[in-house]
Amino acid sequence: DPLVCMNRTTTFSIALACLLLQPPTPVAAQSGYAVLSNGDVAARFNSWGLVGENVSTGNASFEVPQGTGNDPLFSSALWVGGYDAGNQLHVAAMMYESPSNGDLWPGPLTNDGTASTTQAVSTAYDQVWCVNRSEIELHTAYHNCLADPNCDANVLFPNYQTPGSFLQWPAMGDVSLGYDIYQAPFYDFNSDGDYQPDDGDVPCIMGDKACYISYNDAKPHLLTSSPPLGLQVQMMPFEYLTGNAALAQTVFMRVHIVNQSANTYTDTRLGLFTDFDLGNYADDYVGTDAQRNLCYVYNADNLDEASSGGPGYGPEPPAFGVVVLKGPLVDANGLDDAPSNTLPAWNGHGFGDQIADNERFGLSWSRYFNNNAGPQGAPAGQMDFMNYLGSAWLNGVPQSYGGTGYSTNPNATPARFVYPGASDPLGVGTGGQAQAPWTELSAGNAPFDRKMVGVMGPFTVEPGEHMDLLFAYVYARASTGGPTSSITALQQRVDSVIAFATTLGAFETFETDPFYGECSGTVTSIPVAADHEHLELFPVPAEAQVQVCVPTALTGEVLVVRDALGRVVHVQRMLAGLNTVDIATLSKGLYTCELTSAKLRYTGRLIKE
């Protein structure tokens, strides 16, 4: 369809469309779980979002390095808590539970505000789908050959067959039943608006091997006894096959959350719970590197003995941690918030970069709790979980600086970060009052079976709002110097992982760009038609008006402009050719624009200055 605008290069991008939601045949997907095993890590991911634990046996399943029989992690999962307009608390959490006794179960939710689903849909999604990059590259090369009259596919690709994993990829939901049309991400090889692997379409993944998981909290919450939030979560853990040890021993995890409910949640906190079990779980210490947004575990002495969990790491034991690479957005205010030595700017991202409303949280709090009873023990009800998603112990006593972090002294210094070592030299986590370094080792604590929660927030979540997040589980081991040397090695490795993560397209992908639309760098050879790329708006940035060039095929379609929270702030029916959009009344910031037809979806961005 030729453009009828001024003579400039204008591009459009076709939307990804998908298969109807139906129970996938179990050729390539793994029912209930899959073990992501590509680098030097073999990590289990369950279909309801639980990381690590084998709930059938009660054993850890996050082996690093592969073949050693040792696991630095027992289980890990997201926690979310917030208040609705009636000040009712909603919390969804998980520690070790399955769908039969927890808050979460597999599958997507409807997008009509009811945030509902059915047992049949949940059963269909009780699988974890995994794909190798090598399969994607081969499939793409084969279909590129078919499209090239000078290439003989029978010679170069004799007896080629589409991988079963591609045929099972759960690409799309049934819009007639109220689900989002886009579910698992894929590349549309021939830009026909349909997912057909035999036409060259391929799953869209990150890394050299990735898995896809879809789950939600729209069920009775048997762990927290809380009303559901109505959140849909799409998770893609991924690994790299490389000689670079920092990447080979790291598992990345991209998480995309959509509020499918009609509720606005305030004072929302997002936490990543981790039960660190570094080999022998009984002799562990934990800590926080507040500047690196890292929660970690290390051995209390220089020997990790054998235990019921495995042979133990032995002398010179490693350190292991989880780092927040891309946290949730700070609430929009139309400004480019300035860097500062206060939270969230101190360890967040996007501050002072000349872009409004792209600021993101780093760690806002870090907590630990013990595997026992008492005020520092395991949470039970919804308020216990919400306390741990902030700065209070189970009895409401604030976390304080020094010792075990628990003190009933009214003059104790409140502490946002537990055991930060020397990572908070300005006292950002203690109200701006610098403190002496504080670790479990310096406090002389007895080692124990510790759990940690790294928390981001608070922020507001509107109906239909998206959150796009990125984490990494990182392992490191020093050859000499004992446990503290392994902490140093872990910090150095995390620095490399952070630097690498900033090169991924997902690091800068904005919330309103759907999860399926970005898997940067996975396939570079897929042909894209010249008139099916991104919607172009100009000028960028703009003060009062933006020009949009529209092809004749989209005459009469509606342009939808959304702010950083995904709220619709402007709609306008388009004519063929050059259209003028008035943005004078919009606040400063970054906006996304969407123009759709029956099968195509075109997107772009504008910046109001």
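Predicted model: local features only at pLDDT ≥ 70, side-chain atom pairs only at ≥ 80, totals over all residues.
Q: What makes the link between C130 and C211 a disulfide?
A: Two cysteine sulfurs count as a disulfide when they lie within 2.5 Å. The sulfur atoms of C130 and C211 are 2.0 Å apart, so the pair passes that cut-off. The structure holds 2 disulfides, and this is one of them.

Q: Where in the chain do C130 and C211 sit?
A: C130 is in strand 8 (residues 127-132) and C211 is in strand 11 (residues 209-216). They are 81 residues apart, and the pair links distant parts of the chain.

Q: Which hand does the link of C130 and C211 have?
A: This link is right-handed, with 95° about the S-S bond.

Q: Why is C130 called buried?
A: Buried means under 20% relative accessible area. C130 comes in at 19%, so C130 gets the label buried.

Q: And how do you know whether C211 is buried or exposed?
A: C211 has 0% relative accessibility, so C211 counts as buried.

Q: What makes C145 and C151 a disulfide?
A: The S to S distance is 1.9 Å, and the limit is 2.5 Å. C145 and C151 are therefore joined by a disulfide.

Q: Why is the disulfide of C145 and C151 called left-handed?
A: The torsion about its S-S bond is about -100°, so the disulfide of C145 and C151 is left-handed.

Q: What labels do C145 and C151 get for accessibility, and why?
A: C145 sits at 4% relative accessibility, so this cysteine counts as buried. C151 is at 21%. The buried label needs a value under 20%, and exposed needs one over 50%, so C151 is called partly exposed.

Q: Why are C295 and C593 called buried?
A: C295 has a relative accessible area of 4% and C593 has 2%. The cut-off is under 20%, so C295 is buried and so is C593.

Q: What makes D275 and K451 a salt bridge?
A: The rule asks for a Lys or Arg side-chain nitrogen within 4 Å of an Asp or Glu carboxyl oxygen. In D275 and K451 the closest N and O atoms are 3.0 Å apart, so the pair qualifies. By this rule the count comes to 9 salt bridges.

Q: How do you know whether D275 and K451 are buried or exposed?
A: D275 is at 2% relative accessibility, so D275 counts as buried. K451 has a relative accessible area of 3%, so K451 is buried too.

Q: What makes K326 and D468 buried?
A: K326 has 1% relative accessibility, so K326 counts as buried. D468 also has a relative accessible area of 1%, so D468 is buried.

Q: Which residues are linked with K326 and D468 in a network of salt bridges?
A: R254 joins K326 and D468 in that network.

Q: Why are strand 2 and strand 4 said to stand at the edges?
A: Three strands form an open, antiparallel sheet in the order 2-3-4. Strand 2 (33-37) and strand 4 (62-63) each have a single partner strand, so one side of each is left without a neighbour in the sheet.

Q: How do you know that strand 2 pairs with strand 3?
A: Pairing takes at least two bridges, and 5 bridges join strand 2 to strand 3 (residues 42-46), so the two strands pair.

How values were computed: Residues numbered from 1 in each chain as written. Heavy atoms only, no water. Buried < 20%, exposed > 50% of the residue type's maximum accessible area, 1.4 Å probe, protein only. Helix = DSSP H or I, 4+ residues; strand = E, 2+ residues; numbered from the N terminus.
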